[in-house]
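Please consider the following note on paired charges.

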Amino acid sequence: MCWDWKPKHKNQRVFYFNCLYRGKMSSNSKVRPVADFSENIWRDHFPFISSTDLAQVTMETETLKQKVKDMLMASTADPINNVNFIDLLLLLGVSYHFETDIEQQLERIFYSQQNLVGGNQLDLNFTSILFRVFRQHGFKMSCGVFDKFKGSDGKWKESVIEDVRGLLSLYEAANLRVPGESILEEALAFTKDNLKSLALKSSPHLAKQITKALDQPLNKCPPRIVARNYISFYEEEESRNETLLMFAKLDFNRLQLLHQQEISQIERFWKDYSFSSEISYARERYVEAYTWMNSLYFEPQYTRWRVILSKIVVLVSIIDDTFDAYGIPQELECFIDVLKRWDIAALGELQDYTKVICKAVLDVFEEIHEEASKEGRPYCVPYAKDAFIGLVNNYKAEGKWYHDGYIPTFEEYMSIAMKTTTYDPVTTISFIGMGPVARLEAFEWLQKDPKIMKALNVIGRLMDDIWTHKFEQLREHIPSSVECYMNQHNLSEEAALKDLEKMLEDAWKDMNEELCMRPTAVPRALLLRLLNFARATYFFYKHGDGYTNPEYVKDDIRALFVDPVPL
(Lines give C-alpha, C1' and ligand atoms only; values in the text may rest on other atoms or scores of the structure.)
Protein backbone atom coordinates (compact mmCIF):
# COMPACT_ATOMS: atom_id res chain seq x y z
CA MET A 1 0.00 0.00 0.00
CA CYS A 2 0.96 3.62 -0.50
CA TRP A 3 1.86 4.38 3.11
CA ASP A 4 4.38 1.51 3.23
CA TRP A 5 6.54 3.21 0.62
CA LYS A 6 9.42 5.47 1.66
CA PRO A 7 11.09 7.98 -0.67
CA LYS A 8 14.59 6.96 -1.66
CA HIS A 9 15.52 10.27 -3.27
CA LYS A 10 14.83 13.85 -2.35
CA ASN A 11 12.92 14.48 -5.57
CA GLN A 12 10.52 11.66 -4.73
CA ARG A 13 9.25 13.27 -1.51
CA VAL A 14 6.58 15.44 -3.14
CA PHE A 15 5.06 12.37 -4.74
CA TYR A 16 5.25 10.51 -1.44
CA PHE A 17 3.32 13.16 0.46
CA ASN A 18 0.79 13.56 -2.36
CA CYS A 19 0.26 9.83 -2.19
CA LEU A 20 -0.29 9.90 1.58
CA TYR A 21 -2.72 12.76 1.11
CA ARG A 22 -4.58 10.84 -1.58
CA GLY A 23 -4.89 7.81 0.68
CA LYS A 24 -6.59 9.90 3.33
CA MET A 25 -8.86 11.73 0.92
CA SER A 26 -10.06 8.69 -1.01
CA SER A 27 -12.47 7.73 1.74
CA ASN A 28 -14.48 10.87 1.02
CA SER A 29 -16.49 9.98 -2.05
CA LYS A 30 -17.42 13.59 -2.81
CA VAL A 31 -13.87 14.85 -3.30
CA ARG A 32 -13.27 15.49 -7.00
CA PRO A 33 -9.61 15.86 -8.11
CA VAL A 34 -10.46 18.52 -10.70
CA ALA A 35 -7.60 19.55 -13.02
CA ASP A 36 -6.86 23.08 -14.14
CA PHE A 37 -6.91 22.76 -17.94
CA SER A 38 -6.28 25.67 -20.28
CA GLU A 39 -8.98 27.08 -22.56
CA ASN A 40 -9.66 26.03 -26.14
CA ILE A 41 -7.54 28.32 -28.34
CA TRP A 42 -9.32 27.38 -31.58
CA ARG A 43 -12.95 28.25 -30.85
CA ASP A 44 -14.72 29.72 -33.91
CA HIS A 45 -11.58 29.57 -36.06
CA PHE A 46 -13.17 27.26 -38.63
CA PRO A 47 -16.20 28.62 -40.51
CA PHE A 48 -17.88 26.17 -42.86
CA ILE A 49 -16.22 25.92 -46.29
CA SER A 50 -18.53 25.60 -49.28
CA SER A 51 -18.21 22.66 -51.67
CA THR A 52 -17.94 25.17 -54.53
CA ASP A 53 -14.64 26.53 -53.16
CA LEU A 54 -13.30 23.01 -52.83
CA ALA A 55 -14.41 21.99 -56.33
CA GLN A 56 -12.68 24.98 -57.91
CA VAL A 57 -9.31 24.20 -56.32
CA THR A 58 -9.73 20.52 -57.22
CA MET A 59 -10.11 21.41 -60.92
CA GLU A 60 -6.88 23.43 -60.84
CA THR A 61 -5.05 20.55 -59.17
CA GLU A 62 -6.28 17.91 -61.61
CA THR A 63 -4.87 19.92 -64.52
CA LEU A 64 -1.34 19.50 -63.15
CA LYS A 65 -1.76 15.97 -61.85
CA GLN A 66 -1.35 14.33 -65.26
CA LYS A 67 1.80 16.34 -65.95
CA VAL A 68 3.32 15.14 -62.70
CA LYS A 69 2.37 11.55 -63.49
CA ASP A 70 4.10 11.90 -66.86
CA MET A 71 7.24 13.05 -65.00
CA LEU A 72 7.03 10.02 -62.71
CA MET A 73 6.75 7.63 -65.65
CA ALA A 74 9.61 9.37 -67.49
CA SER A 75 11.85 8.97 -64.44
CA THR A 76 11.63 5.16 -64.73
CA ALA A 77 14.28 5.27 -67.49
CA ASP A 78 16.90 5.45 -64.73
CA PRO A 79 16.29 3.62 -61.42
CA ILE A 80 18.25 6.15 -59.34
CA ASN A 81 16.31 9.09 -60.79
CA ASN A 82 13.11 7.10 -60.37
CA VAL A 83 13.63 6.60 -56.63
CA ASN A 84 14.69 10.21 -56.19
CA PHE A 85 11.57 11.48 -57.92
CA ILE A 86 9.41 9.17 -55.79
CA ASP A 87 11.09 10.65 -52.73
CA LEU A 88 10.20 14.15 -53.92
CA LEU A 89 6.56 13.11 -54.27
CA LEU A 90 6.63 11.66 -50.75
CA LEU A 91 8.18 14.74 -49.18
CA LEU A 92 5.84 17.12 -50.98
CA GLY A 93 2.81 15.14 -49.82
CA VAL A 94 1.45 14.16 -53.23
CA SER A 95 2.59 10.53 -53.52
CA TYR A 96 -0.89 9.31 -52.52
CA HIS A 97 -2.09 10.22 -56.02
CA PHE A 98 0.25 7.64 -57.55
CA GLU A 99 0.40 4.85 -54.93
CA THR A 100 -0.06 1.93 -57.33
CA ASP A 101 2.55 3.21 -59.80
CA ILE A 102 5.05 3.90 -57.02
CA GLU A 103 4.59 0.46 -55.43
CA GLN A 104 5.10 -1.28 -58.78
CA GLN A 105 8.16 0.79 -59.66
CA LEU A 106 9.89 0.26 -56.32
CA GLU A 107 9.14 -3.45 -56.31
CA ARG A 108 10.60 -3.83 -59.79
CA ILE A 109 13.76 -1.90 -58.91
CA PHE A 110 14.29 -3.64 -55.56
CA TYR A 111 14.07 -7.18 -56.91
CA SER A 112 15.73 -6.60 -60.30
CA GLN A 113 18.52 -4.26 -59.22
CA GLN A 114 20.05 -6.22 -56.35
CA ASN A 115 23.33 -4.33 -56.67
CA LEU A 116 21.75 -0.93 -57.19
CA VAL A 117 23.90 0.80 -54.58
CA GLY A 118 27.07 -1.27 -54.85
CA GLY A 119 27.06 -1.17 -58.63
CA ASN A 120 26.88 2.61 -58.74
CA GLN A 121 29.30 5.15 -57.30
CA LEU A 122 26.60 6.76 -55.19
CA ASP A 123 27.50 9.34 -52.59
CA LEU A 124 26.19 9.30 -49.02
CA ASN A 125 23.20 11.48 -49.84
CA PHE A 126 21.87 9.28 -52.65
CA THR A 127 22.66 6.05 -50.80
CA SER A 128 20.75 7.27 -47.74
CA ILE A 129 17.77 8.39 -49.82
CA LEU A 130 17.54 5.02 -51.56
CA PHE A 131 17.80 3.20 -48.24
CA ARG A 132 15.10 5.35 -46.64
CA VAL A 133 12.64 5.23 -49.54
CA PHE A 134 12.82 1.44 -49.84
CA ARG A 135 12.46 0.90 -46.11
CA GLN A 136 9.58 3.37 -45.92
CA HIS A 137 7.79 1.19 -48.47
CA GLY A 138 8.48 -2.09 -46.70
CA PHE A 139 11.55 -3.26 -48.62
CA LYS A 140 14.31 -4.19 -46.19
CA MET A 141 17.44 -2.86 -47.85
CA SER A 142 20.56 -3.98 -45.98
CA CYS A 143 22.26 -1.47 -43.70
CA GLY A 144 25.51 -2.85 -45.14
CA VAL A 145 25.19 -0.25 -47.91
CA PHE A 146 26.75 2.22 -45.47
CA ASP A 147 29.88 0.18 -44.78
CA LYS A 148 31.77 1.91 -47.59
CA PHE A 149 31.51 5.23 -45.76
CA LYS A 150 33.59 3.94 -42.84
CA GLY A 151 37.35 3.56 -42.86
CA SER A 152 39.43 0.51 -41.95
CA ASP A 153 39.62 1.87 -38.39
CA GLY A 154 35.83 1.58 -38.07
CA LYS A 155 35.34 5.35 -37.96
CA TRP A 156 33.33 7.44 -40.40
CA LYS A 157 35.47 8.88 -43.18
CA GLU A 158 36.49 12.54 -43.10
CA SER A 159 34.66 13.14 -46.39
CA VAL A 160 31.41 12.14 -44.67
CA ILE A 161 31.79 14.75 -41.94
CA GLU A 162 32.11 17.48 -44.57
CA ASP A 163 29.01 16.35 -46.52
CA VAL A 164 26.17 18.26 -44.83
CA ARG A 165 23.36 17.01 -47.07
CA GLY A 166 24.76 13.50 -46.88
CA LEU A 167 24.81 13.62 -43.08
CA LEU A 168 21.25 14.90 -43.01
CA SER A 169 20.09 12.09 -45.29
CA LEU A 170 22.03 9.51 -43.23
CA TYR A 171 20.36 10.83 -40.08
CA GLU A 172 16.92 10.34 -41.64
CA ALA A 173 17.88 6.86 -42.84
CA ALA A 174 19.20 5.85 -39.40
CA ASN A 175 15.81 6.61 -37.89
CA LEU A 176 14.51 3.57 -39.79
CA ARG A 177 16.86 1.19 -37.99
CA VAL A 178 15.64 -2.12 -36.60
CA PRO A 179 17.02 -4.14 -33.62
CA GLY A 180 20.59 -5.33 -34.10
CA GLU A 181 21.70 -2.73 -36.68
CA SER A 182 24.72 -1.35 -34.83
CA ILE A 183 26.00 0.66 -37.79
CA LEU A 184 22.77 2.64 -37.84
CA GLU A 185 22.89 3.15 -34.07
CA GLU A 186 26.36 4.62 -34.57
CA ALA A 187 25.15 6.66 -37.54
CA LEU A 188 22.31 8.17 -35.55
CA ALA A 189 24.57 9.30 -32.70
CA PHE A 190 27.26 10.48 -35.14
CA THR A 191 24.90 12.51 -37.33
CA LYS A 192 23.09 14.10 -34.39
CA ASP A 193 26.34 15.35 -32.89
CA ASN A 194 27.69 16.73 -36.15
CA LEU A 195 24.47 18.21 -37.52
CA LYS A 196 23.98 20.38 -34.44
CA SER A 197 27.27 22.16 -35.07
CA LEU A 198 26.91 22.14 -38.87
CA ALA A 199 23.56 23.90 -38.63
CA LEU A 200 25.36 26.92 -37.20
CA LYS A 201 27.72 27.03 -40.22
CA SER A 202 25.20 26.28 -42.99
CA SER A 203 23.10 28.60 -45.12
CA PRO A 204 19.83 29.76 -43.49
CA HIS A 205 17.92 27.51 -45.91
CA LEU A 206 19.86 24.36 -45.02
CA ALA A 207 20.14 25.27 -41.34
CA LYS A 208 16.36 25.47 -41.08
CA GLN A 209 16.02 22.05 -42.69
CA ILE A 210 18.56 20.54 -40.28
CA THR A 211 16.85 22.10 -37.25
CA LYS A 212 13.45 20.74 -38.32
CA ALA A 213 14.90 17.27 -38.89
CA LEU A 214 16.61 17.16 -35.50
CA ASP A 215 13.36 18.26 -33.89
CA GLN A 216 11.21 15.67 -35.67
CA PRO A 217 12.79 13.22 -38.14
CA LEU A 218 10.74 12.13 -41.14
CA ASN A 219 9.97 8.68 -39.75
CA LYS A 220 8.47 10.25 -36.62
CA CYS A 221 6.59 13.05 -38.37
CA PRO A 222 2.92 13.08 -39.49
CA PRO A 223 2.70 13.16 -43.31
CA ARG A 224 0.97 16.54 -43.54
CA ILE A 225 3.60 18.20 -41.35
CA VAL A 226 6.29 16.72 -43.61
CA ALA A 227 4.54 18.12 -46.68
CA ARG A 228 3.95 21.59 -45.24
CA ASN A 229 7.59 21.89 -44.16
CA TYR A 230 9.10 20.46 -47.32
CA ILE A 231 7.06 22.65 -49.68
CA SER A 232 8.74 25.64 -48.02
CA PHE A 233 12.18 24.05 -48.30
CA TYR A 234 11.70 22.92 -51.89
CA GLU A 235 10.59 26.38 -52.96
CA GLU A 236 14.08 27.64 -52.10
CA GLU A 237 15.93 24.88 -53.96
CA GLU A 238 17.63 26.08 -57.13
CA SER A 239 16.91 22.75 -58.84
CA ARG A 240 13.17 22.86 -58.08
CA ASN A 241 10.62 21.77 -60.67
CA GLU A 242 8.10 24.60 -60.88
CA THR A 243 5.26 22.38 -62.16
CA LEU A 244 5.74 19.88 -59.34
CA LEU A 245 6.00 22.69 -56.78
CA MET A 246 2.77 24.32 -57.94
CA PHE A 247 0.98 20.96 -57.94
CA ALA A 248 2.10 20.35 -54.35
CA LYS A 249 0.95 23.80 -53.25
CA LEU A 250 -2.45 23.56 -54.91
CA ASP A 251 -2.99 20.04 -53.62
CA PHE A 252 -2.06 21.04 -50.06
CA ASN A 253 -4.50 23.96 -50.16
CA ARG A 254 -7.20 21.76 -51.67
CA LEU A 255 -6.87 19.24 -48.85
CA GLN A 256 -6.72 22.05 -46.31
CA LEU A 257 -10.17 23.23 -47.43
CA LEU A 258 -11.53 19.71 -47.04
CA HIS A 259 -9.93 19.40 -43.62
CA GLN A 260 -11.41 22.75 -42.57
CA GLN A 261 -14.83 21.42 -43.52
CA GLU A 262 -14.24 18.38 -41.35
CA ILE A 263 -13.08 20.43 -38.34
CA SER A 264 -16.23 22.53 -38.56
CA GLN A 265 -18.25 19.30 -38.33
CA ILE A 266 -16.36 18.27 -35.18
CA GLU A 267 -16.91 21.70 -33.68
CA ARG A 268 -20.64 21.37 -34.40
CA PHE A 269 -20.62 17.94 -32.72
CA TRP A 270 -19.09 19.51 -29.61
CA LYS A 271 -21.70 22.28 -29.56
CA ASP A 272 -24.66 19.97 -30.32
CA TYR A 273 -23.99 18.02 -27.12
CA SER A 274 -23.29 21.21 -25.13
CA PHE A 275 -20.06 19.69 -23.83
CA SER A 276 -18.66 23.09 -22.80
CA SER A 277 -21.45 23.55 -20.23
CA GLU A 278 -22.44 19.96 -19.44
CA ILE A 279 -18.86 18.62 -19.14
CA SER A 280 -17.10 21.83 -18.14
CA TYR A 281 -14.32 20.01 -16.23
CA ALA A 282 -12.98 18.31 -19.40
CA ARG A 283 -10.45 19.51 -21.94
CA GLU A 284 -12.06 21.18 -24.96
CA ARG A 285 -9.68 19.81 -27.56
CA TYR A 286 -11.69 18.90 -30.66
CA VAL A 287 -9.16 20.55 -33.02
CA GLU A 288 -6.29 18.65 -31.41
CA ALA A 289 -8.36 15.44 -31.55
CA TYR A 290 -8.95 16.05 -35.25
CA THR A 291 -5.24 16.76 -35.83
CA TRP A 292 -4.43 13.36 -34.33
CA MET A 293 -6.89 11.58 -36.62
CA ASN A 294 -5.78 13.58 -39.64
CA SER A 295 -2.33 12.13 -38.99
CA LEU A 296 -3.74 8.59 -39.25
CA TYR A 297 -5.04 9.21 -42.74
CA PHE A 298 -5.36 12.58 -44.46
CA GLU A 299 -6.46 11.44 -47.92
CA PRO A 300 -9.85 12.62 -49.33
CA GLN A 301 -11.40 9.15 -49.49
CA TYR A 302 -11.30 8.87 -45.69
CA THR A 303 -13.20 12.08 -45.01
CA ARG A 304 -16.25 10.42 -43.41
CA TRP A 305 -14.20 8.19 -41.14
CA ARG A 306 -11.85 10.99 -40.16
CA VAL A 307 -14.85 12.85 -38.76
CA ILE A 308 -16.17 9.75 -36.97
CA LEU A 309 -12.76 8.96 -35.49
CA SER A 310 -12.35 12.55 -34.31
CA LYS A 311 -15.67 12.29 -32.49
CA ILE A 312 -14.45 9.09 -30.84
CA VAL A 313 -11.22 10.77 -29.72
CA VAL A 314 -13.19 13.73 -28.34
CA LEU A 315 -15.33 11.30 -26.34
CA VAL A 316 -12.36 9.25 -25.15
CA SER A 317 -10.69 12.48 -24.01
CA ILE A 318 -13.81 13.44 -22.05
CA ILE A 319 -14.05 9.97 -20.49
CA ASP A 320 -10.35 10.10 -19.60
CA ASP A 321 -10.88 13.42 -17.81
CA THR A 322 -14.01 12.05 -16.15
CA PHE A 323 -12.11 9.15 -14.62
CA ASP A 324 -8.98 11.20 -14.03
CA ALA A 325 -10.23 14.57 -12.89
CA TYR A 326 -13.89 14.53 -11.87
CA GLY A 327 -15.79 11.27 -11.42
CA ILE A 328 -16.25 9.46 -8.12
CA PRO A 329 -16.39 5.64 -7.84
CA GLN A 330 -20.15 5.13 -7.49
CA GLU A 331 -20.95 7.34 -10.50
CA LEU A 332 -18.24 5.78 -12.66
CA GLU A 333 -19.31 2.23 -11.77
CA CYS A 334 -22.84 3.03 -12.88
CA PHE A 335 -21.54 4.67 -16.07
CA ILE A 336 -19.55 1.56 -17.01
CA ASP A 337 -22.50 -0.72 -16.26
CA VAL A 338 -24.87 1.26 -18.50
CA LEU A 339 -22.30 1.62 -21.29
CA LYS A 340 -21.74 -2.14 -21.41
CA ARG A 341 -25.41 -2.68 -22.15
CA TRP A 342 -25.35 -0.45 -25.26
CA ASP A 343 -28.97 0.42 -24.53
CA ILE A 344 -30.21 4.00 -24.78
CA ALA A 345 -33.17 3.09 -22.53
CA ALA A 346 -30.74 2.68 -19.62
CA LEU A 347 -29.55 6.31 -19.68
CA GLY A 348 -32.07 7.26 -17.00
CA GLU A 349 -29.96 5.44 -14.43
CA LEU A 350 -27.07 7.89 -14.86
CA GLN A 351 -26.03 11.21 -13.35
CA ASP A 352 -26.61 14.16 -15.67
CA TYR A 353 -22.98 14.53 -16.75
CA THR A 354 -22.42 10.80 -17.41
CA LYS A 355 -25.77 10.65 -19.21
CA VAL A 356 -24.53 13.24 -21.73
CA ILE A 357 -21.32 11.30 -22.32
CA CYS A 358 -23.04 7.92 -22.65
CA LYS A 359 -25.67 9.29 -25.05
CA ALA A 360 -22.93 10.72 -27.28
CA VAL A 361 -21.00 7.42 -27.25
CA LEU A 362 -24.11 5.44 -28.22
CA ASP A 363 -24.93 7.92 -30.99
CA VAL A 364 -21.44 7.77 -32.51
CA PHE A 365 -21.35 3.97 -32.38
CA GLU A 366 -24.69 3.92 -34.13
CA GLU A 367 -23.09 6.12 -36.80
CA ILE A 368 -20.21 3.64 -37.05
CA HIS A 369 -22.67 0.76 -37.46
CA GLU A 370 -24.57 2.60 -40.18
CA GLU A 371 -21.44 3.42 -42.17
CA ALA A 372 -20.02 -0.10 -41.82
CA SER A 373 -23.38 -1.61 -42.85
CA LYS A 374 -23.44 0.54 -46.00
CA GLU A 375 -20.18 -1.17 -46.97
CA GLY A 376 -21.54 -4.61 -46.07
CA ARG A 377 -19.18 -4.91 -43.10
CA PRO A 378 -21.29 -4.69 -39.89
CA TYR A 379 -19.28 -7.63 -38.48
CA CYS A 380 -16.46 -5.15 -37.72
CA VAL A 381 -18.45 -3.13 -35.20
CA PRO A 382 -18.43 -5.61 -32.26
CA TYR A 383 -14.62 -5.50 -32.34
CA ALA A 384 -14.74 -1.72 -31.90
CA LYS A 385 -17.25 -2.00 -29.05
CA ASP A 386 -15.14 -4.61 -27.27
CA ALA A 387 -12.04 -2.43 -27.58
CA PHE A 388 -13.94 0.60 -26.27
CA ILE A 389 -15.28 -1.28 -23.24
CA GLY A 390 -11.77 -2.66 -22.65
CA LEU A 391 -10.48 0.91 -22.48
CA VAL A 392 -13.14 1.95 -19.95
CA ASN A 393 -12.45 -1.14 -17.83
CA ASN A 394 -8.78 -0.22 -17.72
CA TYR A 395 -9.66 3.33 -16.67
CA LYS A 396 -11.60 1.68 -13.86
CA ALA A 397 -8.55 -0.40 -12.86
CA GLU A 398 -6.40 2.75 -12.71
CA GLY A 399 -9.10 4.43 -10.67
CA LYS A 400 -9.00 1.61 -8.14
CA TRP A 401 -5.27 2.14 -7.67
CA TYR A 402 -5.91 5.80 -7.09
CA HIS A 403 -8.70 5.33 -4.56
CA ASP A 404 -6.81 2.55 -2.75
CA GLY A 405 -3.63 4.65 -2.66
CA TYR A 406 -1.80 1.74 -4.29
CA ILE A 407 1.56 2.05 -6.05
CA PRO A 408 1.95 -0.72 -8.65
CA THR A 409 5.21 -2.13 -9.89
CA PHE A 410 6.38 -0.77 -13.22
CA GLU A 411 5.34 -3.97 -15.03
CA GLU A 412 1.96 -4.00 -13.31
CA TYR A 413 1.43 -0.35 -14.18
CA MET A 414 2.36 -0.83 -17.84
CA SER A 415 0.04 -3.85 -18.23
CA ILE A 416 -2.89 -1.51 -17.60
CA ALA A 417 -1.55 1.90 -18.63
CA MET A 418 -0.44 0.71 -22.07
CA LYS A 419 -4.13 0.02 -22.68
CA THR A 420 -5.31 3.44 -21.47
CA THR A 421 -3.36 5.14 -24.26
CA THR A 422 -6.74 4.83 -26.11
CA TYR A 423 -4.97 3.41 -29.15
CA ASP A 424 -6.75 0.02 -29.16
CA PRO A 425 -10.30 1.27 -29.84
CA VAL A 426 -9.18 4.09 -32.12
CA THR A 427 -6.99 1.76 -34.19
CA THR A 428 -9.83 -0.75 -34.46
CA ILE A 429 -12.23 1.90 -35.73
CA SER A 430 -9.57 3.26 -38.10
CA PHE A 431 -9.37 -0.24 -39.60
CA ILE A 432 -13.13 -0.16 -40.22
CA GLY A 433 -12.60 3.12 -42.04
CA MET A 434 -10.02 1.53 -44.34
CA GLY A 435 -12.74 -0.42 -46.15
CA PRO A 436 -12.41 -3.92 -47.66
CA VAL A 437 -8.63 -4.03 -47.13
CA ALA A 438 -9.42 -4.63 -43.44
CA ARG A 439 -10.91 -8.10 -43.54
CA LEU A 440 -12.13 -10.13 -40.56
CA GLU A 441 -8.63 -11.58 -40.10
CA ALA A 442 -7.24 -8.09 -39.48
CA PHE A 443 -9.55 -7.54 -36.50
CA GLU A 444 -8.73 -10.97 -35.11
CA TRP A 445 -5.03 -10.16 -35.50
CA LEU A 446 -5.48 -6.85 -33.69
CA GLN A 447 -7.17 -8.55 -30.75
CA LYS A 448 -4.08 -10.73 -30.23
CA ASP A 449 -2.04 -7.63 -29.32
CA PRO A 450 0.67 -8.09 -31.99
CA LYS A 451 4.22 -6.82 -31.54
CA ILE A 452 3.67 -3.62 -33.51
CA MET A 453 0.59 -2.78 -31.41
CA LYS A 454 2.58 -3.32 -28.23
CA ALA A 455 5.29 -1.02 -29.58
CA LEU A 456 2.69 1.66 -30.35
CA ASN A 457 1.21 1.43 -26.87
CA VAL A 458 4.68 1.68 -25.28
CA ILE A 459 5.39 4.81 -27.33
CA GLY A 460 2.04 6.31 -26.39
CA ARG A 461 2.27 5.56 -22.70
CA LEU A 462 5.90 6.52 -22.10
CA MET A 463 5.83 9.74 -24.14
CA ASP A 464 2.66 10.79 -22.34
CA ASP A 465 4.04 9.98 -18.88
CA ILE A 466 7.45 11.53 -19.42
CA TRP A 467 5.87 14.90 -20.15
CA THR A 468 2.75 14.85 -17.96
CA HIS A 469 3.81 13.14 -14.73
CA LYS A 470 4.84 16.32 -12.91
CA PHE A 471 1.60 18.15 -13.76
CA GLU A 472 -0.51 15.16 -12.77
CA GLN A 473 1.19 14.79 -9.39
CA LEU A 474 0.23 18.38 -8.53
CA ARG A 475 -3.27 17.01 -7.92
CA GLU A 476 -4.62 13.68 -6.76
CA HIS A 477 -3.53 11.17 -9.40
CA ILE A 478 -2.13 7.67 -9.74
CA PRO A 479 1.66 7.40 -10.08
CA SER A 480 2.92 7.36 -13.65
CA SER A 481 5.46 5.02 -15.20
CA VAL A 482 8.17 7.47 -14.10
CA GLU A 483 7.28 7.24 -10.39
CA CYS A 484 6.68 3.48 -10.54
CA TYR A 485 10.06 2.91 -12.19
CA MET A 486 11.88 5.22 -9.77
CA ASN A 487 10.32 3.47 -6.79
CA GLN A 488 10.87 -0.09 -8.00
CA HIS A 489 14.50 0.39 -9.07
CA ASN A 490 15.56 2.91 -6.43
CA LEU A 491 16.52 5.52 -9.05
CA SER A 492 16.55 9.28 -9.33
CA GLU A 493 14.17 10.86 -11.80
CA GLU A 494 17.03 11.59 -14.22
CA ALA A 495 18.20 7.95 -14.23
CA ALA A 496 14.64 6.65 -14.58
CA LEU A 497 13.94 8.93 -17.54
CA LYS A 498 17.12 7.75 -19.26
CA ASP A 499 15.96 4.12 -19.01
CA LEU A 500 12.44 4.96 -20.18
CA GLU A 501 13.78 6.87 -23.18
CA LYS A 502 15.78 3.79 -24.18
CA MET A 503 12.57 1.73 -23.97
CA LEU A 504 10.97 4.30 -26.25
CA GLU A 505 13.68 3.95 -28.88
CA ASP A 506 13.48 0.15 -28.67
CA ALA A 507 9.74 0.40 -29.35
CA TRP A 508 10.40 2.54 -32.43
CA LYS A 509 12.87 -0.08 -33.69
CA ASP A 510 10.29 -2.83 -33.17
CA MET A 511 7.78 -0.80 -35.12
CA ASN A 512 10.26 -0.25 -37.96
CA GLU A 513 11.00 -3.97 -38.09
CA GLU A 514 7.34 -4.92 -38.40
CA LEU A 515 6.89 -2.42 -41.22
CA CYS A 516 9.84 -3.51 -43.37
CA MET A 517 9.18 -7.25 -43.32
CA ARG A 518 7.46 -8.87 -46.28
CA PRO A 519 5.08 -10.61 -46.26
CA THR A 520 3.23 -8.90 -43.42
CA ALA A 521 0.58 -10.51 -41.21
CA VAL A 522 -2.02 -7.98 -42.42
CA PRO A 523 -1.99 -5.59 -45.39
CA ARG A 524 0.72 -2.98 -45.02
CA ALA A 525 -1.85 -0.21 -45.49
CA LEU A 526 -3.24 -1.16 -42.08
CA LEU A 527 0.17 -1.24 -40.41
CA LEU A 528 0.79 2.30 -41.62
CA ARG A 529 -2.13 3.49 -39.47
CA LEU A 530 -0.18 2.33 -36.42
CA LEU A 531 2.98 4.08 -37.60
CA ASN A 532 1.03 7.28 -38.21
CA PHE A 533 -0.48 7.00 -34.75
CA ALA A 534 3.03 6.81 -33.29
CA ARG A 535 4.07 9.79 -35.42
CA ALA A 536 1.16 11.85 -34.11
CA THR A 537 2.15 10.89 -30.57
CA TYR A 538 5.70 12.10 -31.15
CA PHE A 539 4.37 15.34 -32.64
CA PHE A 540 2.13 16.08 -29.66
CA TYR A 541 4.59 15.09 -26.93
CA LYS A 542 8.06 15.90 -28.27
CA HIS A 543 8.34 19.13 -26.23
CA GLY A 544 5.58 18.70 -23.66
CA ASP A 545 1.94 17.65 -23.51
CA GLY A 546 0.76 19.36 -26.68
CA TYR A 547 -2.71 17.90 -26.38
CA THR A 548 -3.44 19.31 -22.92
CA ASN A 549 -1.35 22.44 -23.55
CA PRO A 550 -1.80 23.21 -27.27
CA GLU A 551 0.57 26.17 -27.14
CA TYR A 552 3.28 23.59 -27.91
CA VAL A 553 1.73 22.68 -31.27
CA LYS A 554 -0.42 25.66 -32.24
CA ASP A 555 1.96 26.95 -34.94
CA ASP A 556 1.98 23.61 -36.73
CA ILE A 557 -1.81 23.23 -36.42
CA ARG A 558 -2.24 26.73 -37.84
CA ALA A 559 0.05 25.86 -40.76
CA LEU A 560 -1.93 22.67 -41.41
CA PHE A 561 -5.49 23.89 -41.15
CA VAL A 562 -5.68 27.69 -41.04
CA ASP A 563 -3.06 29.33 -43.26
CA PRO A 564 -2.94 28.23 -46.91
CA VAL A 565 0.39 27.78 -48.67
CA PRO A 566 1.19 31.05 -50.52
CA LEU A 567 1.06 30.55 -54.28
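1. Lys 220 and Glu 505 form a salt bridge, their closest N and O atoms lying 2.9 Å apart. A salt bridge here is a side-chain nitrogen of Lys or Arg within 4 Å of a carboxyl oxygen of Asp or Glu. The pair links distant parts of the chain, 285 residues apart: Lys 220 is in the loop between helix H9 (204–215) and helix H10 (223–235), and Glu 505 is in helix H23 (residues 493–515). Helices are DSSP runs (H or I, at least four residues), numbered from the N terminus.

2. The structure is a predicted model, in which local features need pLDDT of at least 70 and side-chain atom pairs count only at pLDDT 80 or more, while totals for chains, interfaces and linings use all residues. Residues are numbered from 1 along each chain as its sequence is written, and side-chain values use heavy atoms, with hydrogens and water left out.

3. Lys 220 counts as buried at 5% relative accessibility, whereas Glu 505, at 25%, is partly exposed. Buried means under 20% relative accessible area, exposed over 50%, and partly exposed in between (1.4 Å probe, protein chains only).

4. Both residues also belong to a network of salt bridges that links Arg 177, Glu 185, Lys 220, Lys 502, Glu 505, Asp 506 and Lys 509.

5. Within helix H21 (residues 451–472), Arg 461 and Asp 465 are four residues apart, about one turn of the helix. These two form a salt bridge with a closest N and O separation of 2.9 Å. Asp 465 is buried at 1%, and Arg 461 is buried at 7%.

6. By the stated rule, the count is 41 salt bridges.

Note on methods:
Helices (H or I, at least four residues) and strands (E, at least two) are DSSP runs, numbered from the N terminus.
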